[in-house]
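Morning, everyone. Let's get the structure up on the screen and walk through a few side chains.

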Amino acid sequence: AIISGGLGDIGQAIALELAARGAAVALGDLLPAQTAADLLAKLGPDSRYDQVDVSDERAVSAWVDRVEKTLGLPNVVIPNAATVTFVELGQLTAEQWRRELSVNLDGAYFLADAVTRRLAAAGRPGHVVFIGSWAGHAPHAHIPAYCVSKAALRMLMKQMALAYAAHDILVNEVAPGYVDAGLSARVFEKDPAVKEQAIASVPIKRLIQPQDVALEVAHVCDPRQRHMTGSVVLMDGGLSLS
């Protein structure tokens, strides 16, 4: 498995879950290599970490080259790296817009494309699981660029699912709602009232944990799952029902 944004809360949880199920795991993120030492120790010898900016196509291709040489060609691809800017339209700068789209959309495409091309050429099956969001279909005034990037990511998923179905490469999306981790968790820590409002807005009255996302990802890319492609696994606790 190859996972971008591998040092984030969700990325780490996915890595640990897949490793526990027997996968060799390659992680990529922006942070220096030494920050991954503890996680790599937990993942075991069949793991590696590379510092990589997913918005750089050449850097992503070189990363996949290194992974293929050391761990083998990945057959599970998790484009997870993402960033979010908390600013409404009208205040959003061109640079903020470009950065968010380049990481959340371009970066996901570069990783998925680099691996699926190789899998198809080698005649090998595989799974791609994009980490999307319920924000991909529900507008949020305070994170407009993020919503647009996740909406585009969903169509990218469908396009790739169609393109690679004949190669037995299944492409899907796991779309969480409010996750108590990462940037959201930092916002919740600063203002507990915001966290309480988030919980109250979720019909099942609880937030998602990174491990919950990891379980869904592991289910979708389980090698016994051979028929689902082009699908969105929406895990938002019922947020989309209202």
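This is a predicted model: local features need pLDDT of at least 70, side-chain atom pairs count only at pLDDT 80 or more; totals for chains, interfaces and linings use all residues.

Start with Arg 154. Arg 154 sits in helix H5. Is this arginine buried or exposed? Its relative accessible area is 14%. The cut-off for buried is under 20%, so Arg 154 is buried. Which side chain gives Arg 154 a polar contact? That is Glu 173, side chain to side chain, at 2.9 Å.

Next, the nonpolar packing. The largest nonpolar core has 31 residues. Which members touch the most others? Ile 2, Leu 111, Val 115, Val 128, Phe 130, Met 160 and Val 171. At least two core residues come from each of these elements: helix H3 (57–70), helix H4 (94–122), strand S5 (126–131), helix H5 (144–164) and strand S6 (169–176). H4 supplies the largest share, 10 residues.

Zoom in on Met 160. Leaving out residues up to four places away in sequence, Met 160 touches Ala 112, Asp 113, Thr 116, Phe 130 and Val 171. There is another core, apart from the largest one, with 30 residues. Ala 15, Leu 27, Val 174 and Ile 208 are among them.

Last topic, aromatics. Two numbers describe a pair of aromatic rings: the distance of the centres and the angle of the planes. How many aromatic pairs does the rule give? The count is 2.

Take Tyr 109 and Phe 110. Their ring centres are 6.0 Å apart, with the planes at 55 degrees. Edge-to-face needs over 60 degrees and stacked needs under 30, so this pair is tilted. Tyr 109 has 32% relative accessibility and counts as partly exposed. Phe 110, at 17%, counts as buried.

Now Trp 134 and Tyr 178. This pair is edge-to-face, 5.8 Å centre to centre, with 85 degrees between the planes. Trp 134 counts as buried, at 10% relative accessibility. Tyr 178 counts as partly exposed, at 26%.

That's my tour. Happy to take questions.

How values were computed:
Residues are numbered from 1 along each chain as its sequence is written. Side-chain values use heavy atoms; hydrogens and water are left out. A nonpolar core is a set of buried Ala, Val, Leu, Ile, Met, Phe, Trp, Tyr and Cys residues joined through side-chain atoms within 4.5 Å. Buried means under 20% relative accessible area, exposed over 50%, partly exposed in between (1.4 Å probe, protein chains only). Helices (H or I, at least four residues) and strands (E, at least two) are DSSP runs, numbered from the N terminus. Contact means heavy atoms within 4.5 Å. A polar contact is a pair of N or O atoms within 3.5 Å; within protein, one must be able to donate a hydrogen and the other to accept it, and residues adjacent in sequence count only if both atoms are side-chain atoms. Rings of Phe, Tyr and Trp (its six-membered ring) pair if their centres lie within 6.5 Å; planes under 30 degrees apart count as stacked, over 60 as edge-to-face and the rest as tilted.
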